[in-house]
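Me: I have a model open and a few things to ask about it. Can we go through them one at a time?

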Amino acid sequence: MAAAKTRRAVGVGLVSVEPDVTAWGALRLGEPIDEGNRNPVWRATLDGEPVAVRRSRRSEASLDWELDLIEVLHDAGFRVPTIRPTLDGRRHDEGLVVQRWLAGRPPSADDEWRRVADALVGIHRLTGSTHRQRPGCRAVTALGPTGRSVDADLSALPSEVRDEVLAVFATMTDAPTAVIHGDPDASNIRIDDDGSVGLLDFDESRVDVCWHDLSNLRVQVLDEATHRRAELLSDAWEVANGWVVENAYARRRLASLRAGLGDDDRRR
């Protein structure tokens, strides 16, 4: 089994203030879930059905893009948490989203992780590079010294770090792009009793280099040379994406990036 880099700390900085869910009528709010990385999530029931209540930090346009994507994926046969609308038919209410509960457990065995990889590749194939970009996001190859995407703000990085990150991004112009999940950590995946793969939390989804999704799985699915490039991409992205909101985590990934670049030089 390939060694996956430890993802950011769970629940960092989340404030579990109970949301106002009256827009959904008889929704019964349960306990907060300690699995969301940056968005608070609660268990709940609606009309006797288990659901998850999530508070998104994204703009309305960005959230609408995400919910549109979930509909596209569901219609194409992917197992994703579909939306329960408000009583008046809205998909979200001031950043609150109610989604059907996706049963299952995180993947553990290698064959389960390979099925996860297959599901991610399936999303890449379905969307391709022509899918509309998420509002407020850019692919890494389109980021410059003052660029922003998801939680990455390149202007907030120290100049030396920014130069290292952008140098890695500049090598990705030949890499395939499509809609990516963006955070295929075990906590965002559910394997059901039949072994099918479910994907949660599309908060970091966008059009970007496909290798983002395939670099940190618990099994290696790319050839050796591509995998090395994908690991450098992953480290560089996590440095940029976490520098402001999760600096200690970003600095650990910076150390990994620099070690990887040194290893890459020694291989030449």
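Me: How many nonpolar, polar and charged residues are in the lining of the largest pocket?
Reply: The lining has 10 nonpolar, six polar and seven charged residues. Ala, Val, Leu, Ile, Met, Phe, Trp, Tyr, Cys and Pro count as nonpolar, Asp, Glu, Lys and Arg as charged, and the others, Gly among them, as polar. This is a predicted model: local features need pLDDT of at least 70, side-chain atom pairs count only at pLDDT 80 or more, and totals for chains, interfaces and linings use all residues. Residues are numbered from 1 along each chain as its sequence is written, and side-chain values use heavy atoms, with hydrogens and water left out.

Me: Which lining residues lie nearest the centre of the largest pocket?
Reply: I33, V41, A52, R190 and L200, out of 23 lining residues. A pocket here is an open set of points on a 1 Å grid over the protein atoms alone, where a 1.4 Å probe fits, with protein on both sides within 12 Å along at least five of seven lines; lining residues have an atom within 4 Å of a point.

Me: Other topic. Where is L87, and is it buried or exposed?
Reply: L87 sits in the loop between α1 and β4. L87 is exposed, at 69% relative accessible area; buried means under 20%, exposed over 50%, partly exposed in between, with a 1.4 Å probe and protein chains only. Helices (H or I, at least four residues) and strands (E, at least two) are DSSP runs, numbered from the N terminus.

Me: What is L87 in contact with, leaving aside neighbours within four places in sequence?
Reply: A23, W24 and G25, where contact means heavy atoms within 4.5 Å. The C-alpha atoms of L87 and A23 are separated by 6.1 Å.
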